[in-house]
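Please keep the sequence and the structure in view while reading.

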Amino acid sequence: MSSAVSSILVIGAGQAAAVAVATLRDQGFEGRITVVGDEAHAPYERPPLSKAVLAAVEAEEPSISVKEENFFPTRNIDLRLGLEVVSLDPAAQQATLSDGAVVDYDRCLLATGGTARTLPGLAPEAPQVHYLRTLDDARRLRNALRSARRAVIIGAGFLGLEIASTARTMGVEVSVVETADRVLGRVVPETFSNWLQARVAASGARLYLGQSITDLQLPADGVHVSLSDGTTLEGDLIVVAVGLSPTTALAKAAGLELNASNGGIEVDALCRSSVANIFAAGDCTSRQHPGHGSLRLESWQNANEQARIAACAMLGIDTAAAAFPWFWTDQFDCNIQMLGLPAPDLEYIVRGSMSPDDTNPKFIMLGLQGTVPRHALAVNAGGDLRALRAVLEKEIAIDAAGFSDTSITMKAYSKALLTSAAS
Amino acid sequence: MTTWIKIAQVGQVDEDESLAIELDGKQLALHHTEGEYFVTDNVCTHQYALLSDGYIEDGCVECPLHQAQFDLRTGKAMCAPATEDIKVYEVKTEGDDILIAL
């Protein structure tokens, strides 16, 4: 099969695209690779956009390239930036670009990512309105934050909270508005939300939970936001962080099946779409996760994993299944990691102290289904969480008392569990 | 001539564990795995984090923050998000002493 593949087109030039083409070359594919991206930048890592890039002074912006500068030419990859694919013809196996060029392919990978979900009345073009998805967005927001005194952030998900955290370190007064009654409500238990909310408050940022926007004014010098409880917030700028819309217009026009509930491009475990020879990877995809239904996993890890899998599948090469879901966020001086997927029926146990007064908190919460761990949350305990990974992967039952006993290291505890499960 | 400096004692670091060490203002990590000792820089090249708080598997140490991996023998950055290698130091044991060459 792989002998028949002589040209591969990658649409999108983000994390997944870069990892996919690197995998193709590493797997020995010598044919033509074309990558088309609508941004002006070569593939870059998005996680730092809300953190190090946002906080940086312009001259010292950290390098966030996924691959070193000469990677694309040296690996003979035709990287075409600042261009869109205007149509994709699955029958003819060719794409037409916005500059009129036509690119044929034997295999096509859609790594189109997504765009920030917008709110009505908050057009991204307005000078005081900000969304954060791209490097250019981050630079624009950085410039605005540097001269701002007060910022209003809509959305207390991961991105909204990361921006709030960074804005606080820049000395900006921050108000965060969230419609749900707690932060990260869909992915963490209430006790964790409470802990994080205390952490947010301690930074000086103000949280407005369970609030919707009843009125919004954009005077020339800023923004006025009225909330359902009657509060009026004034800011020099407003940042909207209310989620991601997968970029699927091209996929839809080409007849690819999209998920009815989350809008992502339906792919199987090998990242194959519903149309022959077209694959998809990263934020734009939706995939079945046993026990969780169809999910769009918007994570750095998922982009990397699906890229690797899709690249191998396009060449007909076997590769390892996707790694256990893992996610991190850095905010309010904490590294927070999640392993596995949340579910509604989990009961959480804790190792370490969740006291809101700890300056350097360190704890792990483990979500159990009966005695089997399904979901873990770690605060400043990434090494310990890593030790637990095999326990979650292998669905090994644990005892709450043993897990919480900090006189035994997490590595020793996990090792003992794995050893006794294997015997 | 190489100067050897004692940094720890045999038995001080359990198998698959690491120890943070400060020496001449340098942050180092002593790692113990598969019966051998390794010394590397302790700070991840991707973002500030101590590798001694990380995880050892298959001859690599993994950063606790974002799971970048470094080969303990060569210091090579084995996976994203790290792209820059860490420094490794020559290590030997003499009796019960673990020594390194800076």
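Chain B contains zero helices and nine strands, where helices (H or I, at least four residues) and strands (E, at least two) are DSSP runs numbered from the N terminus. This is a predicted model, in which local features need pLDDT of at least 70, side-chain atom pairs count only at pLDDT 80 or more, and totals for chains, interfaces and linings use all residues. Residues are numbered from 1 along each chain as its sequence is written, while chains are lettered from A and ligands numbered from 1 in the order in which they are written.

**Confidence**
- The average pLDDT (the predictor's confidence in each residue, from 0 to 100) of chain B is 94, and 100% of its residues score at least 70.
- The ipTM of the model is 0.88 and the pTM is 0.95.

**Fold and dimensions of chain B**
- Read from the N terminus, the elements of chain B follow the order β-β-β-β-β-β-β-β-β.
- Along the principal axes, the C-alpha atoms of chain B fill a box of roughly 40 × 25 × 20 Å.
- Of the 102 residues of chain B, 39% are buried, meaning that 20 or more other C-beta atoms, placed from the backbone, lie within 10 Å of the residue's own.

**Contact between the chains**
- Chain A has 10 residues in contact with 12 residues of chain B; contact requires C-beta atoms, placed from the backbone, within 7 Å.
- On the side of chain A that touches chain B, helix α9 (residues 382-393) of chain A gives the most, with four residues.

Conventions: Two residues are in contact if their C-beta atoms, placed from the backbone, lie within 7 Å. A residue is buried if 20 or more other C-beta atoms lie within 10 Å of its own, exposed if 12 or fewer, and partly exposed in between; C-beta atoms are placed from the backbone.
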